[in-house]
Every structure is written in C-alpha cells, then in structure tokens.
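Me: I am new to this one and would like a friendly tour. Could you show it to me before we talk?

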Amino acid sequence: MPILFYVDDSRDDLFYLDYIRRKQQVDVDLFCFSSAPAAFEALEARLEKGEGAPDILIADLYMPLDSGSALIAQLRRDDRFSAVRLGVCSGSDAAEDRERAFAAGADFYLEKPLNFTAILDNR
C-alpha cells in the first residue's frame, strides 16, 4: 500500500482529502500535516524507526509560515528522501507557480481540489 504525506495549512483541505480517501476506499496510507516542520519531523521519525520514507509527499504551495516549495527544496537536498516523489499543489493555475514548484525540485504539480487518480498516477 502506498504511503502519502500531505502538507497543507488548510484544515478543510486536509479533511477533504482524507474524506475522499475513505469515501472512494482508496488503498493508501494517508498522513496529513498542517505545517512543513511537522511533516519534516514525521519524516525523520519514520527513518529513525526504520519505517522508510513515504512514496509520495505533496505540499501546498502557499502556506503562511512556510511554503510547499521550500519543503520540496529541503527534501531534494537530502539524499535520504531521494526516492520520494515530491509534488506541489495549489488552487492556482498560474505558469509562474508551476515554474516555482519545478524549480524547487517538484516531480509534479497538481491543482486543487486534489483527486487520488492524479496523485497515484504520479507514483
């Protein structure tokens, strides 16, 4: 079963993705975080326990204290997370936002609302 980390400051978006996972009975372990530091701490804790990194991590582009692109860039610089597929999501369809996400090292860019077909297609 794939492991997905989702980072978004919007509790509504976190709730929505988990709700859709349960409603559609998507076979994925979903871990939701409301900040980039919380997600990074959980990533390090998984590695310390020998659980390995998630298959996919998606971070919201716009968060008030930390951006998703900053988290993506941090993970790209860390060899421990080289196998993780990294994505950025946003309600924006602006080319500049896509470019910023890819410049940070994202493997893919998704527009909100997220859907599991698009997420799992990027595994």
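Reply: Welcome! This is a predicted model, where local features need pLDDT of at least 70, side-chain atom pairs count only at pLDDT 80 or more, and totals for chains, interfaces and linings use all residues. Residues are numbered from 1 along each chain as its sequence is written, and side-chain values use heavy atoms, with hydrogens and water left out.

Me: Is Tyr16 buried, partly exposed or exposed?

Reply: Tyr16 sits in helix α1, residues 11-23 (helices are DSSP runs of H or I with at least four residues, strands are runs of E with at least two, both numbered from the N terminus). Buried means under 20% relative accessible area, exposed over 50%, and partly exposed in between, with a 1.4 Å probe and protein chains only. At a relative accessible area of 34%, Tyr16 is therefore partly exposed.

Me: Is Gln25 buried or exposed?

Reply: Gln25 belongs to the loop between α1 and β2 (29-33). Although not a glycine, Gln25 has a positive phi of about 50 degrees. Its relative accessibility is 68%, so Gln25 counts as exposed.

Me: How many Å apart in space are Pro64 and Asp93, C-alpha to C-alpha?

Reply: Pro64 lies in the loop between β3 (56-60) and α3 (68-76). In sequence, Pro64 and Asp93 are 29 residues apart. In space, C-alpha to C-alpha, the distance between Pro64 and Asp93 is 19 Å.

Me: Is the peptide bond from Lys112 to Pro113 cis or trans?

Reply: Pro113 is in the loop between β5 (108-111) and α5 (116-121). The bond from Lys112 to Pro113 has omega near 0 degrees, and this peptide bond is cis.
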